[in-house]
Amino acid sequence: MAVSLKESTTDSGVVDTTNLFKPIHLKQLPHLTQYVSSNIQTHPNPLDHDPNFHTDQAFYVSQSDVVLRQIAYDLSGTFATSSPLCAYHRAGPRNQVFFHPSEVRAAIVTCGGLCPGLNTVIRELVVRLWDLYGVRQIFGITAGYRGFYWREPVELNPKLVDDWHKRGGTVLETSRGGFDLNKIVDSIENRRFNQVYIIGGDGTMRGAVKIFDEIRRRKLNVAVVGIPKTVDNDVGIIDRSFGFQTAVEMAQQAISAAHVEAVSAVNGIGLVKLMGRSTGHIALYATLSSRDVDCCLIPEIDFFLEGKGGLFEFLDKRLKENGHAVLVVAEGAGQDIIPRTDSQKQEKDESGNPVFLDVGVWLKSELNKWWKREHPDELFTVKYIDPTYMIRAVAANATDNLYCTLLAHSAIHGIMAGYTGFVAGLINGNYAYIPLDDVASAKNPVNTKDHKWSWVRSVTNQPDFVRS
């Protein structure tokens with residue numbers, strides 16, 4: 001029976017939390033033994049005999065090791081909390097494995113857009129499968145999902161991938177679309193792959209769910225793991241996506257350049273468009289980090305241009321005060337107020353996402369029109385910077401390289417233990433295994449009612465864009 005989170009106070013004034021916590025619901029992971037008809041043999045973990053690992057009893061992770069999804073609570077009971085409390089299996093090596101290394105045929109694929117750290121994940125999957133578990137049959141699927149049935153796989157080894165972590169992009173190449181479920185699973189079955197590592201964003205994870213479901217329907221002895229990638233940080237449940245911190249770091253350079261351009265002109269505005277189709281995390285964190293931004297516009301907030309409390313009024317005031325301003329806008333912001341034709345409203349990209357109009361180009365045009373209308377005899381300059389491909393095409397920084405390494409290790413340990421249909425991810429600073437369908441359906445919007453957005457408002461002093 002769930003107990004209330006409401007606090008009680010003892011005579012001494014100390015809050016009594018004896019009955020604070022509700023029962024913890026452990027999210028169960030799919031396992032090969034649940035649907036593969038043949039008897040699966042277990043084997044001692046090869047790490048037992050690895051001279052570089054001095055294992056003891058506490059080295060291996062057990063079924064009772066879990067990671068809580070939520071760790072902050074309001075003891076007053078004023079605000080609702082999730083019920084029941086949710087936990088995930090902790091990532092790490094198990095003492096028994098369900099694949100003999102000599103029988104493993106692993107496939108690695110990268111899908112969707114580029115992101116810093118892709119090559120690091122690939123390299124670490126290859127090197128650690130080879131060195132830690134003795135796997136010798138590792139293949140790269142080129143050109144995304146269509147590569148399963150469109151091209152021959154590339155055989156990978158540690159020597160080949162040795163310096164891949166120093167490169168941006170993905171050496172395996174990537175693409176959007178090309179998702180033909182039956183052709184993909186037929187290829188997996190015909191090529192005798194029994195471990196499939198899928199690296200991609202939320203759309204890729206939704207495809208991975210379908211692949212896993214079809215593999216399970218066919219009762220194939222194939223384990224599937226997703227490693228979530230998105231430079232926008234829009235994958236839910238996990239702390240952050242790999243590549244995000246590198247993206248914020250690169251965004252800083254664009255903002256710094258925009259600031260220099262703005263302060264070097266009379267009534268200068270530096271306008272920077274950053275990545276973020278559905279979420280404004282890059283814009284938010286780059287704004288907080290730089291201290292040069294006067295206004296940050298993200299998809300999660302509506303804004304307007306004209307009238308009291310609008311963007312133009314704010315920028316007019318800021319230019320009078322400082323002589324310059326820096327405006328950061330995420331690519332998905334303002335899409336509902338940009339004029340478009342009926343055909344443009346129906347347009348989709350290869351992944352099925354709505355095609356966005358360029359909010360940066362539109363804003364630059366609107367700013368120039370506004371100034372010419374309101375201040376026809378005064379100097380004015382808008383310098384527009386779009387660093388999109390600079391941000392996503394660079395190699396990962398040190399923090400993301402470490403993160404990519406540990407994500408790859410976690411994925412390998414889980415799949416060798418027979419888990420399947422899961423994602424390896426960071427939750428509250430701990431690596432965990434999360435069911436694929438949970439991640440595929442979860443979103444990660446910026447919460448404009450929490451402290452992070454308050455910090456942005458306090459740094460920029462921008463309006464709340466609520467009409468009077």
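A: Buried means under 20% relative accessible area, exposed means over 50%, and partly exposed lies in between (1.4 Å probe, protein chains only). This is a predicted model: local features need pLDDT of at least 70, side-chain atom pairs count only at pLDDT 80 or more, and totals for chains, interfaces and linings use all residues. Residues are numbered from 1 along each chain as its sequence is written, and side-chain values use heavy atoms, with hydrogens and water left out.

Take Ile 391. It lies in helix 11, residues 388–392. Helices (H or I, at least four residues) and strands (E, at least two) are DSSP runs, numbered from the N terminus. Ile 391 counts as buried because its relative accessibility is 0%. Contact means heavy atoms within 4.5 Å. Leaving aside neighbours within four places in sequence, Ile 391 is in contact with residues including Val 231, Met 275, Pro 116 and Leu 274.

Next, Thr 230. It is found in the loop between strand 12 (223–228) and helix 6 (244–263). Thr 230 is also buried, because its relative accessibility is 9%. Beyond neighbours within four places in sequence, Thr 230 is in contact with Cys 115, Gly 201, Val 235, Ser 241 and Phe 242.

Finally, the setting. The protein chain has 14 helices and 18 strands. Of its 468 residues, 52% count as buried.
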